Amino acid sequence: MMSSIDLCVLSAAVLACLMVGSLHLRLNLWMYGAATMCIALATALTAQAHAEINLIYIALLIAVLKAAGIPLFLLWTSEKLNVHRDVGAMIPPPLAMHLSIGLLALSFILTRGLPAPEMAATGWYGAAAGISLLFTGLVVMLTRKLAIGQILGFLVIENGIYVFALTKTLGMPMLVEMGVLLDMLV
């Protein structure tokens, strides 16, 4: 049975796949923000399930900095540069989106054999969502020519690493969380 944490991270993976299907920067930025908000919600639900107060703080930081701050900053940057579309995509957006959906299905196949953490309410859905986000970020980075699009791909990869670690370790050690936030800041 799928938990609410699994539903949140799978929603993030689906939103990332949909993001690949558009070249409009504004839409891509808001899709990234919505996917990251789903990850922040999954972090808060994990904190509640395991009574870890530090994960609540991390969820708040993710929601404020990554889900709102980064999209707003990149939107401001694109407005300053007067760039609204990524016109130099290597492959057409519908094909890239279908590739991402295929990689989402592949991630389910790849993670089927992974062991679930002991006493975990989540199964392999979180790992599949994390690997799918990683694949989707790679697709975005490799198919977009505009620097903002490539930055979005990097941020989606980072979300995938975070989701995988969050769902496979029953929360994350504070040192890893701070490393993720430092990576996000850079």
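**A walk through an all-helix chain**

Let's start in a loop: Asn82 sits in the stretch between helix 3 and helix 4. This is a predicted model, and in it Asn82 has a positive phi of about 55° even though it isn't a glycine. Is Asn82 buried or exposed? Its relative accessibility is 59%, and because exposed means over 50%, Asn82 counts as exposed.

There's another loop to visit, the one between helix 2 (25–50) and helix 3 (53–81), and that is where you'll find Ala51. Ala51, also not a glycine, has a positive phi, near 55°. With a relative accessible area of 71%, Ala51 is exposed.

Now step back and take in the whole chain. You can count seven helices and zero strands, so reading from the N terminus the elements simply go α-α-α-α-α-α-α. Of the 186 residues in the chain, 49% are buried.

What about the inside? The largest nonpolar core has 41 residues. Helix 1 (4–20), helix 2, helix 3, helix 4, helix 5 and helix 6 (147–168) each put in at least two residues, with helix 1 giving the largest share, 10 residues. Which residues have the most contacts inside this core? They are Tyr32 and Leu133.

Leaving aside residues up to four places away in sequence, Leu133 touches Ala12, Ala13, Ala16, Ile39, Val156, Ile157, Asn159, Gly160 and Val163.

Two packed helices are described by the angle between their axes and the distance between the axes. For helix 4 (residues 93–111) and helix 5 (residues 125–143), the angle is about 145° and the axes are 8 Å apart. Helix 4 passes helix 5 in a right-handed crossing. On the helix 4 side, the residues making the contact include Ala96, Leu99, Leu103 and Phe108, while helix 5 brings, among others, Tyr125, Ile131, Phe135 and Val139. What kinds of residues make up this contact between helix 4 and helix 5? They divide into 13 nonpolar and five polar, with no charged ones. Ser100 and Ser107 of helix 4 take part as well, as do Ser132 and Thr136 of helix 5.

Note on methods
Residues are numbered from 1 along each chain as its sequence is written. This is a predicted model: local features need pLDDT of at least 70, side-chain atom pairs count only at pLDDT 80 or more; totals for chains, interfaces and linings use all residues. Side-chain values use heavy atoms; hydrogens and water are left out. Axes are lines fitted to C-alpha atoms, for helices over the stretch in contact, and angles run from 0 to 180 degrees between N-to-C directions. Helices (H or I, at least four residues) and strands (E, at least two) are DSSP runs, numbered from the N terminus. A crossing is left-handed if the near helix is turned anticlockwise from the far one by less than a right angle, and right-handed if clockwise. Contact means heavy atoms within 4.5 Å. Ala, Val, Leu, Ile, Met, Phe, Trp, Tyr, Cys and Pro count as nonpolar, Asp, Glu, Lys and Arg as charged, and the others, Gly among them, as polar. Buried means under 20% relative accessible area, exposed over 50%, partly exposed in between (1.4 Å probe, protein chains only). A nonpolar core is a set of buried Ala, Val, Leu, Ile, Met, Phe, Trp, Tyr and Cys residues joined through side-chain atoms within 4.5 Å.
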